[in-house]
Amino acid sequence: TLKWEEDKKQFYSEKDEYNEQIKKYEHSYNEGLQDGVEYFIEFLLENVEFPFENSNIFDLDYCKEEKSLISNYFLPNKEVIPTLKTMKFIQSRKEYTESYISEKQVNEIYNEMLYSIPLKLIEFMYINETKNNVCSIAFNGWINKIDEGTGNAVNFCLLSIEVSKEVFLNLNLEAVKPKECFKKLEGISGIDLGNLIPIIPI
């Protein structure tokens, strides 16, 4: 039918346009140009998987002259941590009882998770960026939460770290403790990330 022919023509037109755009970004990336490098890193970050729900919202700023990348990345809130510890069925009462991990345990898990995220993402970017367009990464981890005093959403930077490719790829990340590694690399954050103390981003 005529509609089918029109849909087919539109499909192939959009496909050709998309492929042309990919070729453009590929050439731009190979030349170390800003739009190509940012597109490539964006593609990497969108495909990182975590064992918890995460928005994967970020903003990138690449400088060709310095081969440096600034990544502003939104971190998950504490609510993503499962708190249910056990669930038992009490036969005599015909009901379930539940127990939960303590607030202290939640905070410990949250701290370790937040220190792990920048290390994992920086590693992922450096390992997969094989053209050496990026030799330095500054990572700013942001939080979006509801201000309980006003009821309005607020954004602020919770942690920052800047590290070169040479230094980072010499780490044995499988053996490090996330917080100690973050501090060793002179990362900036409050004493307890669970307290959500804002810092000035890099």
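Which residues touch the most other members of the largest nonpolar core? Of the 41 residues in that core, the answer is Ile117, Leu121 and Ile122. A nonpolar core here is a set of buried Ala, Val, Leu, Ile, Met, Phe, Trp, Tyr and Cys residues joined through side-chain atoms within 4.5 Å. Buried means under 20% relative accessible area, exposed is over 50%, and partly exposed is in between, using a 1.4 Å probe and protein chains only.

Quick housekeeping, everyone. This is a predicted model, where local features need pLDDT of at least 70 and side-chain atom pairs count only at pLDDT 80 or more, while totals for chains, interfaces and linings use all residues. Residues are numbered from 1 along each chain as its sequence is written, and side-chain values use heavy atoms, with hydrogens and water left out.

Helix H3 (103-128) is among the elements that give it two or more residues, and H3 has the largest share, 11 residues. Helices and strands, by the way, are DSSP runs numbered from the N terminus: helices are H or I with at least four residues, strands are E with at least two. In soluble globular proteins, nonpolar side chains tend to be buried together.

Let's zoom in on Ile122. Skipping neighbours within four places in sequence, Ile122 is in contact (heavy atoms within 4.5 Å) with Ile137, Phe139, Ile161, Val163 and Phe168.

The structure holds 6 aromatic pairs. Rings of Phe, Tyr and Trp (its six-membered ring) pair if their centres lie within 6.5 Å; planes under 30 degrees apart are stacked, over 60 edge-to-face, and the rest tilted. Tyr25 and Tyr39 make a stacked pair, 4.0 Å centre to centre with 0° between the planes. Tyr25 sits in helix H1 (residues 2-30) and Tyr39 in helix H2, so the pair ties together parts 14 residues apart in sequence.

So what about Tyr126 and Phe168: how far apart are their ring centres? They are 6.1 Å apart with planes at 50°, so that pair is tilted. Tyr126 is in helix H3 and Phe168 in helix H4 (residues 165-168), so this pair ties together parts 42 residues apart in sequence. Tyr126 is buried, at 1% relative accessible area, and Phe168 counts as buried at 1% too.

One last stop: Ser136, in strand E5. Buried or exposed? Ser136 is buried, with a relative accessible area of 18%. Leaving out residues up to four places away in sequence, Ser136 touches several residues, including Lys67, Tyr126 and Val163.
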